Amino acid sequence: MPVPESDLTPDELVARRFPGAVLPERSYRVDVAGIGIAVHEWGDPGAPVLFLLHGGFDFALTFSAFAPLLAAGGWRVVGWDQRGHGDSDHALLYGWDADIRDAIAVITTVTDRPAAMLGHSKGGSIGLQIVNAAPHLITRFVNLDGVPSRRPMPDVADHERTRMAATEVSQWLDHRRKISGHPQRRPGSLDELAERRRRMNPRLGLDWLRFLVTTGAHKSEDGWRWNVDSSLRMGGFGPWRPDWSVQYLAAVPIPFLGVLVGQAEPMGWETTLDSLRGVTRDEAGSS
């Protein structure tokens, strides 16, 4: 959970009280093979379930202004911190298959009925694989800027795909070895962390980013640190290629809305409708 208000300075307390933001009404943990996944809920516990999947370097409380609006619309809104993010446990290694297993464990713990799901960025890409791996769990899916296509999707032989996968794994392991001597993220003041995040998301307002620091970072004697495993890096959350998610797009077996973002930004996929032609079943429905 976020740093208690009693531990915040007056300035930090002002940042915590962002207009319209509401912290979760219920929080708990789900154990997935020894990894504790932090789950947060807004809304009536008896209402229909809507799952939210956050993006890379984010956390469930990133939805603290969005989730209350959905809850007011009659949903039981459930988000969780992906492993290595927010209040969830860190892991020795990361991979998208592990994120998918975590997601299915949370979904089946929360409800035994099919539910709606919305994913943003990395969460949208993971969601594409979830609805294909377990379509009986999801009734409909909204993907917000989570259809990747930045790198080309080559039509190559199976043995070449295997070689490419081996390269991804090797590069990821090299990165892990490189950062092994740096177990924590660099500390900073509330405003310094907000400014770092603004470089990644330049269209976000500073007041909102300061709120995110108070909910998604922890406070220690030398300053604030984001609650994100230091081994995670821009562009990679374990061995992965964008086409490993895009290949599932044409086979989505449930009602699907994909929203592409037209303005380029450092954390965006920069995906265009033209880049997806030939990939989707219904091109008009993928934008």
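Is Leu173 buried, partly exposed or exposed? Leu173 counts as partly exposed, because its relative accessibility is 31%. For the terms: buried means under 20% relative accessible area, exposed means over 50%, and partly exposed is in between, with a 1.4 Å probe and protein chains only.

Before going on, some ground rules. This is a predicted model, where local features need pLDDT of at least 70 and side-chain atom pairs count only at pLDDT 80 or more, while totals for chains, interfaces and linings use all residues. Residues are numbered from 1 along each chain as its sequence is written, and side-chain values use heavy atoms, with hydrogens and water left out.

Now the chain as a whole. Its secondary structure comes to eight helices and nine strands. Both are DSSP runs numbered from the N terminus: helices are H or I with at least four residues, strands are E with at least two. Of the 287 residues in the chain, 51% are buried. The chain exposes about 13400 Å², and 55% of that comes from carbon and sulfur atoms. These areas come from the Shrake-Rupley method with a 1.4 Å probe; for residues, only the protein chains shown count as cover. Taking contacts between residues at least 6 apart in sequence, 73% join residues at least 24 apart. A contact means heavy atoms within 4.5 Å.

Next, the sheet. Seven strands form an open sheet in the order β1-β2-β4-β3-β5-β6-β9, and the pairing is mixed. From one strand to the next, the twist averages 20 degrees.

Two strands pair if DSSP finds at least two bridges between them. β1 and β2 run antiparallel and are joined by seven bridges; Val30 has Ile37 in β2 as its bridge partner. The hairpin of these strands has two residues between them, and Ala33 there takes a positive phi near 50 degrees. β3 (residues 49–53) and β4 (residues 76–80) pair in the parallel sense, over four bridges, with Leu52 opposite Gly79 in β4.

Helices lie against this sheet. α3 (residues 96–110) lies across β1, β2, β3, β4 and β6, at about 125 degrees to β1. α4 (residues 122–133) touches β3, β5, β6 and β9, and its direction makes about 150 degrees with that of β6. Axes here are lines fitted to C-alpha atoms, for helices over the stretch in contact, and angles run from 0 to 180 degrees between N-to-C directions.

Finally, some single residues. Leu193 is found in α6 (residues 190–200) and counts as buried, because its relative accessibility is 0%. Ala251 sits in the loop between α8 (243–246) and β9, and counts as partly exposed at 43% relative accessibility. The C-alpha atoms of Ala251 and Leu128, 123 residues apart along the chain, are separated by 9.3 Å.

Back to Leu173, which is found in α5 (residues 158–179).
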